[in-house]
Amino acid sequence: MDIYQYLAAHSSAHGKKPGLERINRMLEHLGHPERDYDIVHVAGTNGKGSTAQFIASILQAAGQQVGLFTSPHLVEFSERIQVGGAPISQEDLDRIFQELYPCIQELAAGPYGRPGLFEVAAAAALKHFSDMGVDYAVLEAGMGGRYDATRVGSPAVTVFTHIDLDHTETLGETVELIAAEKAEVIIPGGTVVTAPQSAAAKRVIADVARQRGAKLIDVEQEYQVSGAQPGPGGTSFSVSRSGLWRQFHINLLGLFQITNAVTALAAVDALAEQGLKITDAQTAAGMAAARWPGRLEVLGREPIVVLDGAHNLDGCRQLAAALPVYFTWNRLHLIMAITGQKPVKPMLQTLLPEADTVVFTAPQSSRTPPVDPAHLLELAAGLVEEAGTAPSFSEAFAKVKGYAQPQDLICVCGSLYLVGEARKQLLS
């Protein structure tokens with residue numbers, strides 16, 4: 001069996017007993033690869049992928065060999081596991097999976113059960129990073145609680161991006177409960193960097209850090225941003241820490257990306273305090289080099305076509321705020337899908353009033369069940385001038401292209417699975 005057959009058959013984590021036993025058993029089987037490099041662990045709700053990408057890009061600019069583990073993938077599974085910006089080869093993925101397979105079968109027959117897609121991906125990534133001799137592994141947490149498969153080794157830095165309501169069925173119904181679950185990843189005596197948070201989330205993280213004797217770096221308190229200049233080619237801004245100013249330019253669109261970039265900067269500054277050799281010029285070069293597909297990514301002109309992975313309420317708010325800052329249009333057309341248990345009505349109330357038309361669809365493949373487009377259509381009543389449905393992205397896009405004018409904007413959003421399918425089709 002190859003890894004793709006396995007993942008197709010066992011991609012759901014549904015019904016799996018939460019716990020770290022499966023990932024720890026696989027890592028033991030592989031000879032504990034997670035001990036071979038320094039780990040930067042990125043947890044939180046939104047902005048994890050971008051922040052992880054910024055950290056990896058800055059470390060690479062400083063001449064470090066860097067492994068990056070992110071999820072979900074947009075087009076190919078191999079995108080989740082990268083070294084030096086290059087996805088893992090099919091050959092390496094197969095070889096590691098064959099090495100893991102006896103352990104997977106043994107787990108499947110035992111009390112802990114068969115590892116899911118995310119756990120297998122994490123184990124394969126950690127082994128690949130060891131094989132490639134990386135200096136640093138930047139690990140983006142999945143759901144990101146105490147039982148997340150990325151909760152391994154002893155991270156040099158643990159980073160919390162903005163924490164908001166998501167995966168409430170697993171992590172809890174309030175921001176405090178979610179923050180408490182995510183804060184479990186803080187290691188005793190570690191270093192913690194936190195992005196700007198609500199007062200509730202900040203309090204929870206600070207309490208856990210204090211109890212565990214971890215050093216806490218609060219980005220909101222220690223870093224000041226000024227002179228942000230957004231444009232279609234990205235955003236320039238200045239950052240001050242303890243009176244020292246540094247200038248940066250990022251190519252990722254969205255004012256929230258400044259927060260992600262500065263959070264990444266704080267993580268790299270913490271690594272520099274631990275001995276990483278890096279100059280301000282390298283930091284700025286790494287910041288500018290960061291790319292993150294499917295996040296306010298422009299894939300067409302006349303009309304402008306933008307893909308954005310906003311897939312929860314916080315993400316929808318960020319998208320609604322960012323579009324008018326970076327783009328101008330005559331009419332705005334949305335193509336949307338939503339998967340999993342999300343606050344669907346508030347998400348629609350956030351985005352639809354900004355738009356002129358919307359077509360609801362569903363991704364062709366998704367680990368979490370999509371919300372029925374017909375149900376989305378019902379909920380959209382009164383929120384937007386014109387709404388419809390289509391069975392797939394290609395049909396939705398053909399429909400919108402039929403009436404969009406050259407000076408309009410088409411935005412694909414609501415689900416990373418949909419954005420992945422859109423990206424694959426539009427790039428081909």
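Which element supplies the largest share of the lining of the second largest pocket? The first legend below has the reply. This is a predicted model, in which local features need pLDDT of at least 70 and side-chain atom pairs count only at pLDDT 80 or more, while totals for chains, interfaces and linings use all residues. Residues are numbered from 1 along each chain as its sequence is written, and side-chain values use heavy atoms, with hydrogens and water left out.

**View 1. The second largest pocket and its lining.** The answer is α16, which gives four residues to the lining. Helices (H or I, at least four residues) and strands (E, at least two) are DSSP runs numbered from the N terminus. Both α1 (3-9) and α16 (416-427) supply at least two lining residues. In total 18 residues line the pocket, and His73, Val75, Phe77, Ser365 and Tyr417 lie nearest its centre. A pocket here is an open set of points on a 1 Å grid over the protein atoms alone, where a 1.4 Å probe fits, with protein on both sides within 12 Å along at least five of seven lines; lining residues have an atom within 4 Å of a point. The space inside comes to about 500 Å³, a volume being the space filled by probe spheres set on the points, which are joined across faces, edges and corners. By class, the lining has eight nonpolar, five polar and five charged residues. Ala, Val, Leu, Ile, Met, Phe, Trp, Tyr, Cys and Pro count as nonpolar, Asp, Glu, Lys and Arg as charged, and the others, Gly among them, as polar.

**View 2. Threonine 361 in its loop.** Look for threonine 361 between β15 (357-360) and α14 (373-379). Threonine 361 is buried, at a relative accessible area of 0% (buried is under 20%, exposed over 50%, partly exposed in between, with a 1.4 Å probe and protein chains only). Its side chain reaches the backbone oxygen of alanine 390 at 2.9 Å. Beyond neighbours within four places in sequence, the contacts of threonine 361 include Ile335, Met336, Pro373, Ala390, Phe393 and Leu418, a contact being heavy atoms within 4.5 Å.

**View 3. The largest nonpolar core.** Here 38 residues come together, and Ile55, Val138 and Val157 have the most contacts inside the core. A nonpolar core is a set of buried Ala, Val, Leu, Ile, Met, Phe, Trp, Tyr and Cys residues joined through side-chain atoms within 4.5 Å. Elements giving two or more residues to this core include β1 (38-43), α3 (48-61), β5 (136-140) and α10 (256-273). The largest share, 10 residues, comes from α10. Leaving aside neighbours within four places in sequence, valine 157 touches Ile39, Val40, Thr191, Val193, Ala267 and Leu271, among others. Another core, of 37 residues, lies apart from this one, with Leu7, Leu20, Ile23 and Ile81 among its members.

**View 4. Positive phi at serine 242.** Serine 242 is a residue other than glycine with phi near 50 degrees. Its place is the loop between β10 and β11, where serine 242 counts as exposed at 73% relative accessibility.

Key
Polar contact = N/O pair within 3.5 Å; in protein donor to acceptor, adjacent residues only side chain to side chain.
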